[in-house]
Amino acid sequence: MTNENVQLSDGCQVSYIFIYVFFGFRICTRTKTFPFFQLTFDRFRGGTIYSLPLFSHGQARFPDMATCTRTVWKVLAGCQRQLLSASGSAYSGVSQTAPRNLPVRTFAAVKLTSPLLIARALKKDKKDNAEKEVKKEKRVIDDKNRHKPFSKTAWAPVDDVYVMRYYPRTLYDPAEAIDMLKKFQALDFTPHNQPVYIDLKLDMKLEKKKKVDPFVSTVHLPHAFKAEMNRVLVFTEDANQATVARENGAVFAGGVELIQPILDDEISADFYVAVPDILPKLVPLKNKLRKKFPKSKRGSVGINVPKMLELFKTGHEYMVESDCYVRTQIATLDMPSEHIFANLQTILVDVCSHRPASLGPFIERAIIASHTSEAVWFKSEDVLPKSPEKEE
């Protein structure tokens, strides 16, 4: 090529340089000679235009391939510098390190910070995760027709002495369980008038994930096991009702004048009953009486004062503890077996009245024991009266 100035655009310059480099490299690899060519570009610097030759050494011969390769790399480096200097003049007025102001998507921030949209997104994620998870149903093993229970040795032990964990737990009839407690007392030489307790585990579930609220109940046992009667206090502002209450066995009867003596522990009682009109004035006693505070659910609030006194003077109170357990005394061991069974039946019937019978058995597990004996598991369904449908 002649040593003339050539003006090309940036795109043409790139194509022009790489064509010459490519063919020059091919010639170098075959002939070990570097052809003479000269490229000039117009550059603008300081208001003047001048030509920049890339190679001006003319025709040369290279002794080896290494020299040829070094020359080619010099050509490529010069091409890169030339392109950078040519493109830099177009943006000479703008700093290359200046921060770029990107557009802010305000609608995206609103979408993320909106509580309603966040709640919907979380709800959707939970729903998707719930669909993905495969719930494993609890496998219920029916081993009634098996020759032995599942994971047990046999249905019943052959010997009198055996390891209990190898056999299913024995459930006794209620009458048989009571007789066993009496035999335990005779063999152990323990007091014959020791108390008899029951421990019930309840199924508190209702329909649609609801549960039975823990309750407190008072029942009138057919055979009382306490020698003393309960002390009952009656709250009423009617003088006639107060007189009737004292005649029917109330220890104290009165109005708001009894509040301060109760707070000062000057008077106390086992049960507190009240008429509906005086309830708003008894609010200061809530923290003091706690569970003994008169409530309509317990039957301690009403108009018929003699009926309430009859119930609470000889009544037996029990409550649900730890969400689903009923632990209470029902009799003493020196009472006849028929009386113990009658008291047991009364309490179990009252417990089962707090949940509809259509939902199935309310009592999951029933245990009876005396103060010093071992616990005896019994069949609670044998104590409850059978419905006419089951009898048919």
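Of the 392 residues in the protein chain, 31% count as buried, where buried means under 20% relative accessible area, exposed means over 50%, and partly exposed is in between (1.4 Å probe, protein chains only). What you're looking at is a predicted model, so local features need pLDDT of at least 70 and side-chain atom pairs count only at pLDDT 80 or more, while totals for chains, interfaces and linings use all residues. Residues are numbered from 1 along each chain as its sequence is written, and side-chain values use heavy atoms, with hydrogens and water left out.

**The overall layout**

- The protein chain has 11 helices and 13 strands; these are DSSP runs (helices are H or I with at least four residues, strands are E with at least two), numbered from the N terminus.
- Take the contacts between residues at least 6 apart in sequence: 64% of them join residues at least 24 apart. Contact here means heavy atoms within 4.5 Å.
- How many disulfides are there? The count comes to zero, with a disulfide being a pair of cysteine sulfur atoms within 2.5 Å.

**A look at helix α5**

- Helix α5 covers residues 174-188, and its 15 residues should span 21 Å at 1.5 Å a residue.
- The buried residues of α5 are P174, A177, I178, M180, L181, F184 and Q185. They cover an arc of only 155 degrees around the axis, so they sit on the same side of α5; the arc is that of the directions from the helix axis to the C-beta atoms.
- What do those buried residues pack against? Their partners are β5 (195-202), α10, β12 (363-370) and β13 (376-377).
- On the face of α5 turned away from its buried side, you'll find the exposed residues K183 and L187.

**Backbone angles to look up**

- Most residues other than glycine have a negative phi.
- Just after α5, F189 takes a positive phi of about 55 degrees.
- K209 isn't glycine, yet its phi has a positive value near 60 degrees. You can find K209 in the loop between β5 and β6 (216-219), and it counts as exposed at 86% relative accessibility.
- R290 is another non-glycine residue with a positive phi, near 55 degrees. R290 is in the loop between α8 and α9 and counts as exposed, at 64% relative accessibility.

**Salt bridges**

- Side chains of opposite charge can pair when their charged atoms come close.
- The structure holds six salt bridges, each being a side-chain nitrogen of Lys or Arg within 4 Å of a carboxyl oxygen of Asp or Glu.
- One of them joins the side chains of R327 and D199 (3.5 Å, N to O). R327 lies in strand β11 and D199 in strand β5, so this pair ties together parts that are 128 residues apart in sequence. R327 is partly exposed, with a relative accessible area of 40%.
- K281 forms a salt bridge with E237, and their closest N and O atoms are 2.9 Å apart. K281 is in the loop between β9 (271-274) and α8, while E237 is in the loop between β7 (232-235) and α6 (239-247), so the pair ties together parts 44 residues apart in sequence.
- D265 and K288 meet in a salt bridge too (2.5 Å, N to O). D265 is in the loop between α7 (259-263) and β9 and K288 is in helix α8, 23 residues apart.
- Salt bridges that share partners join D199, E321, R327 and R365 into one network.

**Two buried loop residues**

- R298 lies in the loop between α8 (286-289) and α9 (305-314). R298 is buried yet has no salt bridge, and the nearest side chain of opposite charge, E317, is 4.6 Å away. For charge, Lys and Arg count as positive and Asp and Glu as negative, while His and the chain ends are not counted.
- Which residues does R298 touch, not counting those up to four places away in sequence? The answer is V216, K291, K292, F293 and F312.
- M335 is in the loop between β11 (325-332) and α10 (337-352), and counts as buried at 10% relative accessibility.
- M335 and V196 are 139 residues apart in sequence and 9.9 Å apart in space, C-alpha to C-alpha.

Terms used. The expected span of a helix is 1.5 Å times one less than its number of residues.
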